[in-house]
Every structure is written in structure tokens, then in C-alpha cells.
Amino acid sequence: MKTLQIKTAQNVNIKFTVATVFQRLFAFSIDNLLKFAYFYFAFKFFGFSSLDTSLNGDGWTIKAIEVLFLVPITFYSLYTEILMDGQTIGKRLLKLKVINVDGFKPSITDYIMRWFLRIVDFNLFLLLFVYVASLGLNEHTGLLVVLFLFGKMVGFFLILFTNKSQRFGDVIANTIVIYLKDDVQFSETILEDIKENYVPTYANVIKLSDNDMRIIKETYKTAAKHNDYKTLIKLRSKILEVTGIKSVHNSDLEFIDTVLKDYNYYTQSM
């Protein structure tokens, strides 16, 4: 498996395991199986022949209802990745996740961009089909089949041969898909030993994510070990900026240590 080492703004190196093309293909297949199942059962139990009768042949209304039935399939990967923190159902089952190449959570714009560009990665045949049809070559079935297969393989070959295993949508959206094989260790790296009667100080720490806390903790430990006070000052400033915590009078070490403990207190209490 490929690994990717990312250097954060705090000069901390984080290593990720990049998902293989076959892992992504398997997850993609699971997602498509779910979409096919939805399509099958939706049209089986809500067939449009009965709608045609009940609506007295109102073609526009029937078409509108058909489009509504297709919306969950069309936007499936977009809304699942946004709602499930970078995962579709297939990705979650395979322990895959979409992240930004800098190691953080992608923005909604990133998700939209990588979803929209699926038309290049997996549905290029649609564009090629329109082009071929415009040339009056509709009867060339063999050519259309080749175009169909080629369109479906663009994403596959890009993932296979690019350095970061990125399809075109990933390259443009600045995202990668990682394998969460170290999921347990990932959680353990942000755990802090806090007592049962611990009283938190900064409620705003919940604005940070697990990945943010991992970076903060690794940076904090490295800087404290080497007495790197400049990094501690920068780290403290960044935490204050992101969380909106007002300036405090305790030392940088004490402040960051409290932030780590407070985050564990609030997240473990949820």
C-alpha cells in the first residue's frame, strides 16, 4: 500500500495509508449495489403504471415524480460524504475516508467538486456518446461500447497510476482517500488521563475535530520535549483563533494541556 506523509502548519509529520484502487473499486461496487437496490424496490413498489392511471396520463407530473425518485441516486455520494464525514456506506464498510491533502476535513465545496467531476472519472462515456451522436455515427455500436468502457476506466487508471492514487475529481478538489487501518491508534493518540471530578475550563474546544486534536497533541509533545517555545506560542495562537477562546494568563504549556483535557472531557461526555 502507498503511504502519504503530510507536514502540517505546525511542522508535524503525519503518515496516512492511501486506499488502493481495488479497495475503492470494492467500495464503489457496494455503493452501486445499494443504488441499484433502491432503484429496483422504488420502482417495484411505486410503479409508474399506477401513477399514470391515477394522474390521468399527466405526463409532466409523472416525469417530475420520476426525477424525484432518481435524486437520492444521483446525489448519493455527495450527501453521504458530507453527512458521514468523508465516507459513503461502501467506504465506511471498507474503512476508507476522504480527507484534504493537508490532512484535514474537506470543505463542502471540495465534496461538491469531486462529486461533479465523477462525470469525467466514471461517466466520460456520456460526453463521448453525445459527441459521437452529433457526428451521425449512432449506428456504430462497437465504437459506442468502446467509448462506454473507456469512460468507466478513466477514474480507475488515474487512481492506479497517480502518485497519491487520485482520480481527476480528487486532483481538482485537492483530496485523497485513505485507509483507516490505524483507526484504534488514531483515537488513542488524543486520549488524556482525566479524573472523574475534572472540571473543564474552555467549552469552545468542541469546535476542534479529532484530527485537529491529534495534530495539537503531537505538536505540543514535540515542542515541549525540545523546549521549542516559538512553536508553542504559534500553536496557542492558532487554538485561540479557531476556537474563539479569549486570551488567558496561564503559560502556553498549561493552556494547551488544559485544552487537550477539556476536549477529552467534552467528547467523552457526549
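Helices here are DSSP runs of H or I with at least four residues, numbered from the N terminus. With that in hand, let us look around this predicted model.

Figure 1. Start here to get your bearings. Of the 270 residues in the protein, 39% are buried. Among contacts between residues at least 6 apart in sequence, 68% join residues at least 24 apart. The mean pLDDT of the protein is 79, and 72% of the residues reach 70 or more.

**Figure 2. Helix 4 packed with helix 6.** Two packed helices are described by the angle between their axes and the distance between the axes. Here, helix 4 covers residues 76–83 and helix 6 covers residues 108–116. Their angle is about 155°, and their axes lie 9 Å apart. Because angles over 145 degrees count as roughly antiparallel, helix 4 and helix 6 are roughly antiparallel to each other. The crossing of these two helices is right-handed. Helix 4 brings Ser77, Leu78, Glu81 and Ile82 to the contact, while helix 6 brings Ile108, Tyr111, Ile112, Arg114 and Trp115. Sorted by class, this contact has 6 nonpolar, 1 polar and 2 charged residues.

Figure 3. Is Asp85 buried or partly exposed? Asp85 has a relative accessible area of 32%, so this residue is partly exposed.

**Figure 4. Asn227 in the loop between helix 12 and helix 13.** Helix 12 runs over 210–225 and helix 13 over 229–243. Asn227 is a residue other than glycine with a positive phi, near 55°. The relative accessibility of Asn227 is 48%, so Asn227 counts as partly exposed.

**Figure 5. Helix 11 and helix 5, the two ends of the confidence range among the elements.** Which element has the lowest mean pLDDT? That is helix 11, residues 183–188, with a mean of 43, whereas helix 5 has the highest, 95. Over residues 183–188, pLDDT stays under 50. For this stretch the model has 3 contacts beyond four places in sequence. Where pLDDT is low, the predicted coordinates should not be read in detail.

Definitions and conventions:
Residues are numbered from 1 along each chain as its sequence is written. This is a predicted model: local features need pLDDT of at least 70, side-chain atom pairs count only at pLDDT 80 or more; totals for chains, interfaces and linings use all residues. Side-chain values use heavy atoms; hydrogens and water are left out. Axes are lines fitted to C-alpha atoms, for helices over the stretch in contact, and angles run from 0 to 180 degrees between N-to-C directions. Angles under 35 degrees count as roughly parallel, over 145 as roughly antiparallel, 65 to 115 as roughly perpendicular and the rest as oblique. A crossing is left-handed if the near helix is turned anticlockwise from the far one by less than a right angle, and right-handed if clockwise. Contact means heavy atoms within 4.5 Å. Ala, Val, Leu, Ile, Met, Phe, Trp, Tyr, Cys and Pro count as nonpolar, Asp, Glu, Lys and Arg as charged, and the others, Gly among them, as polar. Buried means under 20% relative accessible area, exposed over 50%, partly exposed in between (1.4 Å probe, protein chains only). pLDDT is the predictor's confidence in each residue, from 0 to 100.
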